[in-house]
Amino acid sequence: MSTEEQSLTGEQMNSLEKVKKQLKQVFGETTDLAVEPVDVGQYKGLMCYLTTMTNSAFIMEHVVKKLAMSEHKEPISKEETFQQLEISAYSGLSHQTLQNIDDVMFKIVLGNAAIFIEGCAQVLVLDVRTLNSRSIEEPSTQNVVRGPKEGFTESADTNMSLIRRRFNNVKLRFEKYELGYLTHTAVYMAYLDGEVDEEILKQVRETLSSSHIDSLFDSGRIEEMFHSKGKGIQLFPTVYSSERPDAVCSCMINKRIAIIVDGSPFVLIVPTIFPDFFQSPEDEYQWVVIGVFSRWLRYFAFVLSLIVPALYIAVTSYHQELIPSVLLTSIAAQREGIPFPASIEILLMEITFEILREAGTRMPRLVGPTISIVGALVLGEATVQAGVVSNINVIVVSLTAISGFVAPIYTFGSKVRFFRFGLILLSSLIGLYGLVLGCCLLMVQLTRIESFGVPYMSLFSRWDKRRVT
Amino acid sequence: MTPSKVNPVDTFTLQLVFLLSTSIIFGTPSVVPDSWLVGLVAFFPACLFIVLYSAMLSSQHDLGLYPMLEKAWGKIAGKMFVLLYAIYFLYIAARNIRDMIELVMSALLRITPVPILTSLFIMLIAYTALGGIKAIARFASLILCIVLLMLVTLAVFLMFSSSIILEQMLPFLSKGMWPVIQSAFTHSLWFPYGEIIVFLVFQPELGGAKGFRKITLYAFISACIILTISDLLQIWSLGIESKKYSVFALLDAARLINIANIITRMDAVVALIIIFGTLLKCSVFLFACTEGIARIFKVKTGKLTFPLALVAGAFSILVTRNSAEHVTEGLKYVIYTMHIPLQLLVPLLTLILLRIRYRKGAAT
């Protein structure tokens, strides 16, 4: 009986040797685990942390110096020592007292330092995480001429502070979730309490907490998760992502929820509606007329990038009567001697452009000029001179290409670009009728989608009296 | 950002586009000289439809058309009427598809086989109808903007190509008021205004009797104004005589546009208006039809949409042999055998039955 009791208390009282053994069992031979014997007051102790999650100067400065507790000359008990540590020595650091060894291990992985005291059941866990991260820089997408130049970084803490310092408001809430059963990536949901619709909040929470993914390295994964939650096929992106804190904050003012993923500089916004993708944060910082003008210009360019090649094919190969005669003659003269029909000609050049674009985004920066020379001179100039494609074709394709990049959000442009091929196919099969049907399909799809129950595109919603926004 | 409800403005645009869509080109029969007056005259009796239908709705606490019929006529007869209405809606959808295909055949594609055109179109209709009435309403607001924009463009271009001659509308009332009134009562009243009965099916979702009364009145007024303006445009540019003999008068008017030899052929624009409008109208009818059929045979609505769309498409090809027969059938037989009984008589009888069977105070 007594021996049993002793062994039981022995288990609870973490003897340092046992702790060492357990650590070795769990962490194996990993080189970045530091297990160092320290003196805690008058007792022996053990401090362990991952060297890769903190830096030694921080540990020296804030942890080790205070451990000795030199001010206590008279002997005190272990429990008292522990309390002293907790209350006075580390009151400035975020700390926790844990009993379960598994919890402690997990905390160590997250970048905490654990301090064991010989024979004491409790373990003090200190947050000593100091990670090197990119400093705040200007965002690489979504550039503005006028407006704040800060962009989000890969560190979620930095990102949250970027948001918090724009809202000096007690209602701003951050909720933490852990996603990925292999990576335990921290995901934060930020919203203004009382502003956001409860129903939407519930749905987002449910999605985040019921995910079964193994790893999470970028917010793109969560974007897909939210996107696939909607019913039916969704051709348009329903989640907005931004690298700009001011854009995210202005969305949050409008009753949206921001989702910050540790390790990704792109913060997601839900729910998203269609006009969001045509809004640049800069629009709000300028004279209102310029803002409105550029927004409409973006819509126009979007329509242009979708239908121009298809329209060209439909009109030149089916409905020549719709072209003014002078233009028709000029097109016909240019197409003289071109071996391909208009649809093949367009497809050829569109695919060439897609290849150029793909090469341009993926290649190392140093070889950049090569691609532009080959693209501009060889493919543009030479194909026309060689009589493979006509001049007007090059105009059509380049106009489409430029308008395709006008949308301030790159992901939107890249998704929408594919619809162009569908329209080209339809219009080369049945002319203008096919083009109109294709456009109708896109419009129906646009109005059918709902993002967390909010209609994706609703022209007159601003005149709805019941709307709270 | 709040989850969606049906917006009253969207309901309004839905009804407006529904009223405009095909009637903007086929609407007013050109057999009488002052056809633009027909639309105006027909508006006033058309308001009686609003009174009748909203009385039906308010007497039954905003029940939809189908449950209302079953309640008034009993289980079996009620089901028969539901089936009748479902088939009626499908038939109108088929006729509208045919109208649109006729136009596309004459304006855009002359030699493409009709089944190809139709089958592509019905797939689109089915897809639209699958979205439900909320999505259709939002789609309608998009369509309304495009259609109105195109109509204004047409008017402005006609003006700039100096095709609008106001004298063309003379002689005014050369045969007196009677032919106008007669035509209003035999044609325009039933189509497009009477077809609004299809909205009784969705009215519980769209705001009930109260919403119906107000929104539909606004929709009727706007539709009346727009149709009259479009008729006037056609008469001013084509003249009374050529409008009389033209099948697609708006299309012929658009052909007159010529601005500096650059903007010449605008008929494609008219074809676009028609395709958009017909798509919307047919999907409303198809959706109403699937609701009815699903109610009778107790199937899921989504499962029926594509098969019924196929039926509508096949029907649109088989219903008449040629364009002339199609137009005559539409102007004469359909009105007397289908529109008048199903838009006026059956609803009226239903209302009376409901009033008798469920008196005020009795449990409904």
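User: In this predicted model, which residue of β9(A) is the bridge partner of Tyr188(A)?

Analyst: The structure is a predicted model. Strand β7 of chain A covers residues 185-192, and its pairing with β9(A) is antiparallel, over four bridges. The bridge partner that Tyr188(A) has in β9(A) is Ile260(A).

User: What is the order of the strands in the open sheet of chain A?

Analyst: Five strands make up this open sheet, with antiparallel pairing. β6 (172-179) and β8 of chain A are the edge strands, each pairing on one side only. Direction ignored, neighbouring strands are turned by 25 degrees against each other on average. The order in chain A is β6-β7-β9-β10-β8.

User: Which strands does α7(A) touch where it packs on the sheet?

Analyst: The direction of α7(A) makes about 180 degrees with that of β7(A). The helix α7(A) packs on the sheet, and the strands of chain A that it touches are β6, β7, β9 and β10.

User: How far apart do the C-alpha centres of domain 2 and domain 3 of chain A lie?

Analyst: Chain A is divided into domain 1 (2-127), domain 2 (156-272) and domain 3 (296-455). For domain 2 and domain 3 of chain A, the distance between the C-alpha centres is 34 Å.

User: Which element gives the largest share of the side of domain 2 of chain A that touches domain 3 of chain A?

Analyst: The contact takes 14 residues from domain 2 of chain A and 13 residues from domain 3 of chain A. On the domain 2 side, α7 (198-209) and β8 (240-242) of chain A each supply at least two residues. That side divides into seven nonpolar, six polar and one charged. The largest share is three residues, and the element that supplies it is α7(A).

User: Is Lys255(A), which has a positive phi, buried or partly exposed?

Analyst: Lys255(A) is not a glycine, yet its phi is positive, about 65 degrees. The residue Lys255(A) sits in the loop between α9 (245-253) and β9 (257-261) of chain A. A residue is buried if 20 or more other C-beta atoms lie within 10 Å of its own. Lys255(A) has 19 C-beta neighbours inside 10 Å, so it counts as partly exposed.

User: Phe452(A) also has a positive phi; is Phe452(A) buried or exposed?

Analyst: The phi of Phe452(A) is about 55 degrees, although Phe452(A) is not a glycine. Phe452(A) is found in the loop between β11 (450-451) and β12 (454-455) of chain A. Because 24 other C-beta atoms lie within 10 Å, Phe452(A) is buried.

User: Is the peptide bond from Val270(A) to Pro271(A) cis or trans?

Analyst: Pro271(A) belongs to the loop between β10 (267-270) and α10 (288-317) of chain A. The omega of the bond from Val270(A) to Pro271(A) is near -15 degrees, and the bond is cis.

User: Which element gives the most residues to the side of chain B that touches chain A?

Analyst: Here 36 residues of chain B are in contact with 38 residues of chain A. On the chain B side, two or more residues come from each of α1 (8-20), α6 (114-130), α7 (132-160) and α13 (267-297) of chain B. The residues of that side divide into 22 nonpolar, 10 polar and four charged. With seven residues, the element that gives the most is α6(B).

Key:
Residues numbered from 1 in each chain as written. Chains lettered and ligands numbered in written order. Predicted model: local features only at pLDDT ≥ 70, side-chain atom pairs only at ≥ 80, totals over all residues. Contact = placed C-beta atoms within 7 Å. Nonpolar A, V, L, I, M, F, W, Y, C, P; charged D, E, K, R; others polar. Domains from an automatic or database assignment. Buried ≥ 20, exposed ≤ 12 C-beta atoms within 10 Å, placed from the backbone. Pairing = 2+ DSSP bridges. Axes fitted to C-alpha atoms, helices over the stretch in contact; angles between N-to-C directions.
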